[in-house]
Each structure stands twice: as C-alpha cells, then as structure tokens.
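Dear colleague,

Here is the structure I promised to hand over. My notes on what turned up in it follow below.

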Amino acid sequence: SMSQDKKYEYEFSSIDILKTPDVNDTSEEVYPLYNRTYDTLYFVRSHHLEITGSNKDNFDIWFSAKNAGGVWSKAEGIKELNNSHNNSIVGLGQVTNSLYLLNSYSSTVIRDQGISVTNLRNGKWTKPEPIEAYIDTHNKVYSFFMNHTEDIILITMFNNLSEGHEDLFVSLKAEDGRWRDPIYLGHDINSEGFETSPFLADDRKTLFYTSNGFGGLGDGDVFMTKRLDDSWTNWTEPKNLGTTVNSAKFDGYFSLYENGTYLLASNRLAERADIFKGKWSLVEVEEDKKDEEIVEVVEEAKELLKESLPDNFLIQFDFNSSKFDRKTYKDDLDKAVDFLLINPNVGLVVEGNTDKKGDELYNLILSHKRATEVADYLKGKLPKSNNDKVFVQPNGEVKASNDDNTSRAVEIKYILLNK
C-alpha cells in the first residue's frame, strides 16, 4: 500500500496501434472499453462496409472477446444493440456485465439524450431500458461515462453554466438508488473550448478527459486532473498527458486499466480514428520542498494584502427608499472598482441594511433591493468576467442600531477570494 508521505504520479510510456485484438481497419473506431472480468473489448465503429445497423455513417457497437485459450474472436457488431440511430457504449458494469448505452432505443425519450442499460442473458443482450437519471434534454448532451461500479455518471453537456462549448458535469447515485441532479465540475477544469469523453479511474478521483481549450499538441488532447476533496468542484490543474499519449490530431476516448494498460482513439495515422494501446505505471515523485515554501510565501502575501485592504464604507439611503445619490458616492465606488481591477484576489460584499421601522420581511426585501442597486452600479463598471467578484448580502434590520441614518445604509466590504 502507498504510504501517505510518498507521492505517486502516473507515467505513460509506450503507445502503439492496437494489434490484438485486431479491430482496426479503414473505418472509424472509437470509444474502446475493456471489461477485464469477462476479457471483452467493446468499441464503437462507423463508416464500415459491413453495416450492422442500417446506416454506415452512424455509430454501431462492436466487440471482440478472448477465449479460454487466450485467442481473441473476430470483431463483430452486436446486432441486437445496433439500429438505425447512433449506437454507442458509454460504460460497463465490471461485475454485473451490464452495458450502458447512449439511449436510442425508446421512442418516448428524446433520442441520444439519456442512458440505457442492457444485460447479457443466455448469450443475447436484453432490450435496452432507459435508466432514471436526470438529464435535462434541453441541454445538448455530447457524451456520458458510467463508472464500472455503476454509481457515478460523468456528463459533458452545454448549459447555462458552461464556459463555452460542452463542459463536464457529474451525477451521483444516492443511497435510495436515484440519480442526483448533475453538478458542474467547476471552472478549474472546464475551458472555453470543448470537454469530451471523460473517464474516471478506479480511485474515483482521477479524471481523464479530452479538451481543446487548454492549449496542447493539437485538435483535442487528453488531460488528467485529480479531485482534491469530496465536493466534485475542487480539482488539481489539468495536466496534458504529453507527447507519449497525445498527437497533433484528435486524441480521445481514453480509458485506463489496473493491469498497466490504457486505450485511446486517435486519427494520428489515418483520416479516420483507430484504437491505440499504451502502458502506464505509478512512479514515486520526490516531494518538492519548494512547493511548501511557495505556499508559505503566498500565505504571507495574502496576509499583507488583507492588512492593506481599503476600509469598508457606507452608502446612505433615505427612509423607505432603494435609490442612492450616485454623485455623492461616485468617487468611493469608482475607487472600489479600480481596486478590484488591480487585485484579482479581492472581491466586494455589498451588505444591505434597514432601520427597525416596519415589517421584518418587508425590510429584508428592501435591504436586498438596496444592496442590488449598489451591486449593479459596481458590475456596470467592471468587465463581465469580474462580475462574479461582487456579492450581495441582504441583512434586513438585523444590524439596525438606534441611529436610523446609519441603519439605512449599504456597507461595502472588501474580502479576499480563495483563488
């Protein structure tokens, strides 16, 4: 077992086009997933001469299995899972031998937007049934990945939280067997480009995915990031897997196995993608003392910045009013905007307050209006990308004192952001 003080990193060595099983030909092969319990390789193929669905441009599911003598079967399409739509495998149950598929089997569900599951019974796959995961079909979904213990779904989709193109989300299976609403994995690992074909390693923490938004060797590279806690929104900086794994073309559909191999699809050798296989190992890395020193320096810098933050200031409001005199406070507010622009780690909390006159709920709403009025002024002066640094906090009459004038005010507070 690994001791706590030692640090290990993935090292990726050789990579080569997959020779056994012999699944690559002139058609396109992507999404390789290997079930190590049943020694079966599944993959997705399009543009094939021997069509197993009904349209050669669509994706179909194929497989090759190793027999007891160690010989792989000739790859073939799974007829009962391929129809005239795009058919793709998105995960497999390691123990149950379930296959999770892109949902294109039920007419009631918008096609391609959900996940279906099928099981092998007497040598045939059962009719795929949709799983009850919450996927908002208004958002264009691009890809899924079901982990092999069948309780985590990674989703890449476009919705109002997305940075640009499709971004990464996760849906977790609750104790009661229901799937929770997708959680956005955060700005650290999502870019303004596309994020696609996610894969979660067995440790449930290390995430591999393809992106073209972090710069790299070419048209979509495989990146790796590690979850730092249980929140699913806190990740290490995405690391490009480097020239061993990535090429100047598209590299994706990466998956990693505990026997020291990894699989991926790439069009580096031909116009259409083929499946590649490589080797990985865990290597011990020297703990860098320098890192700790840097952390100390950063902490010191933060303390200094904290001490040098400007004083909080008040903006007065008239009785029962949510409008303030912009001329009077223009200088103070503009100084606050300038300070935010120079210091990326600083934010503003805009606290709304009222006096004790009137109804408590009414005052809470009034304090919210006051804070929003000031926050909107500040946001109007800041570039859009900085608008998330201004926070509104309505206090209602909680902080009211005997002096009604100071109670009827918005307080601007400077805070340090954890960036």
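The side chain of Glu351 makes a polar contact with the side chain of Asn395, at 2.8 Å. Another polar contact joins the side chains of Glu351 and Lys399, at 2.9 Å. (A polar contact is a pair of N or O atoms within 3.5 Å; within protein, one must be able to donate a hydrogen and the other to accept it, and residues adjacent in sequence count only if both atoms are side-chain atoms.)

Keep in mind that this is a predicted model: local features need pLDDT of at least 70, side-chain atom pairs count only at pLDDT 80 or more, and totals for chains, interfaces and linings use all residues. Residues are numbered from 1 along each chain as its sequence is written, and side-chain values use heavy atoms, with hydrogens and water left out.

Back to Glu351. It sits in strand β24, residues 346–352. (Strands are DSSP runs of E, at least two residues, numbered from the N terminus.) Glu351 counts as buried, at 4% relative accessibility. (Buried means under 20% relative accessible area, exposed over 50%, partly exposed in between, with a 1.4 Å probe and protein chains only.) Leaving aside residues up to four places away in sequence, Glu351 touches, among others, Ala371, Gln393 and Val410. (Contact means heavy atoms within 4.5 Å.)

Next, a sheet. It is open, has four strands in the order β1-β22-β21-β20, and pairs antiparallel. (Two strands pair if DSSP finds at least two bridges between them.) Its edge strands are β1 (7–17) and β20 (251–256), each pairing on one side only. β20 and β21 (residues 261–266) are joined by four bridges. Within β21, Ser266 is the bridge partner of Asp251.

Now the rings. The whole structure holds 23 aromatic pairs. (Rings of Phe, Tyr and Trp, the last by its six-membered ring, pair if their centres lie within 6.5 Å; planes under 30 degrees apart count as stacked, over 60 as edge-to-face and the rest as tilted.) Phe145 and Phe199 have ring centres 5.0 Å apart and planes at 50°, so this pair is tilted. Phe145 lies in β12 and Phe199 in β16, so the pair ties together parts 54 residues apart in sequence. Both residues, Phe145 and Phe199, are buried. Ring pairs also link Tyr10, Phe12, Phe208, Phe254, Tyr262 and Trp280 into a cluster.

Last, charges over rings. Arg45 lies over the face of Trp62, 4.4 Å from the ring centre. Arg268 lies over Phe276, at 5.0 Å. (The cut-offs: NZ of Lys or CZ of Arg within 6 Å of the ring centre and within 35 degrees of the ring normal.)

Best wishes
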